[in-house]
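Please look at the sequence and the 3D structure before reading on.

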Amino acid sequence: LLPEDQEPEVAEDGESWLSRFSYAWLAPLLARGACGELRQPQDICRLPHRLQPTYLARVFQAHWQEGARLWRALYGAFGRCYLALGLLKLVGTMLGFSGPLLLSLLVGFLEEGQEPLSHGLLYALGLAGGAVLGAVLQNQYGYEVYKVTLQARGAVLNILYCKALQLETSPANTAKPLLHQKTQKPVRRGGASLQSQALGRLRQE
């Protein structure tokens, strides 16, 4: 934990919609990275409030009950946000389909030359604006979906560790080997992967 005067700023929270869509809130962090100032974990931004473990645990616990299905608890906690992102995807897809239609109208305008000039300008502006706006919406959709995925993953891991800690206090005391096994497997896999990469480099040399 860091002292209060050294607490890093929270990413995205409190930013305007324009800053979120353009990722302008990343500019100070990118500037520090270009200067080589990102050397410690406290040098980067904190997670947004929606991705904080305490928030995820509180939201998920409100929908999680003994004997309840996991998918229902996840839907109750994060399903509405995921469905709302479907509207963003729909608008982006519609803009993507409008591109070829506007291009066809623009080509017809150039070939026939019977429509007023204002129509051609509208076709060109609509084609360019639709392409830019569609790309922005598709990018935001992927980014927000990834955050919802992280929320669901964090909530599931939280409930698993809570159950493991409850088992640790039981007479069977089977949670500690379980946690040890879960934490040791990724370390062993990572070590094996690094060893294989090192052997490959030695063979190439």
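The structure is a predicted model, in which local features need pLDDT of at least 70, side-chain atom pairs count only at pLDDT 80 or more, and totals for chains, interfaces and linings use all residues. Residues are numbered from 1 along each chain as its sequence is written, and side-chain values use heavy atoms, with hydrogens and water left out.

**Helix 3 and helix 4**

- Helices (H or I, at least four residues) are DSSP runs, numbered from the N terminus.
- Helix 3 (residues 53-63) packs against helix 4 at an angle of about 125 degrees, and their axes are 8 Å apart.
- Axes are lines fitted to C-alpha atoms, for helices over the stretch in contact, and angles run from 0 to 180 degrees between N-to-C directions.
- Helix 3 and helix 4 are therefore oblique to each other; angles under 35 degrees count as roughly parallel, over 145 as roughly antiparallel, 65 to 115 as roughly perpendicular and the rest as oblique.
- The crossing of these two helices is right-handed; a crossing is left-handed if the near helix is turned anticlockwise from the far one by less than a right angle, and right-handed if clockwise.
- Contact means heavy atoms within 4.5 Å. Leu56, Val59, Phe60 and His63 of helix 3 meet Leu70, Ala73, Leu74, Gly76, Ala77 and Phe78 of helix 4.
- The residues of this contact comprise eight nonpolar, two polar and no charged. Ala, Val, Leu, Ile, Met, Phe, Trp, Tyr, Cys and Pro count as nonpolar, Asp, Glu, Lys and Arg as charged, and the others, Gly among them, as polar.

**Ala77**

- Ala77 belongs to helix 4 (residues 70-112).
- Not counting residues up to four places away in sequence, Ala77 touches Val59, Phe60 and His63.
- Ala77 and Ala152 are 75 residues apart along the chain, while their C-alpha atoms are separated by 8.5 Å.

**Packing against helix 5**

- Helix 4 and helix 5 pack at an angle of about 160 degrees, with axes 8 Å apart, which makes helix 4 roughly antiparallel to helix 5.
- The crossing of helix 4 and helix 5 is left-handed, and their contact has 26 nonpolar, ten polar and two charged residues.
- Helix 3 and helix 5 pack at about 75 degrees, with axes 9 Å apart, which makes helix 3 roughly perpendicular to helix 5.
- Tyr55, Leu56, Ala57, Phe60 and Gln61 of helix 3 make this contact with Leu150, Gln151, Gly154, Ala155, Asn158 and Ile159 of helix 5.
- The contact of helix 3 with helix 5 has seven nonpolar, four polar and no charged residues.
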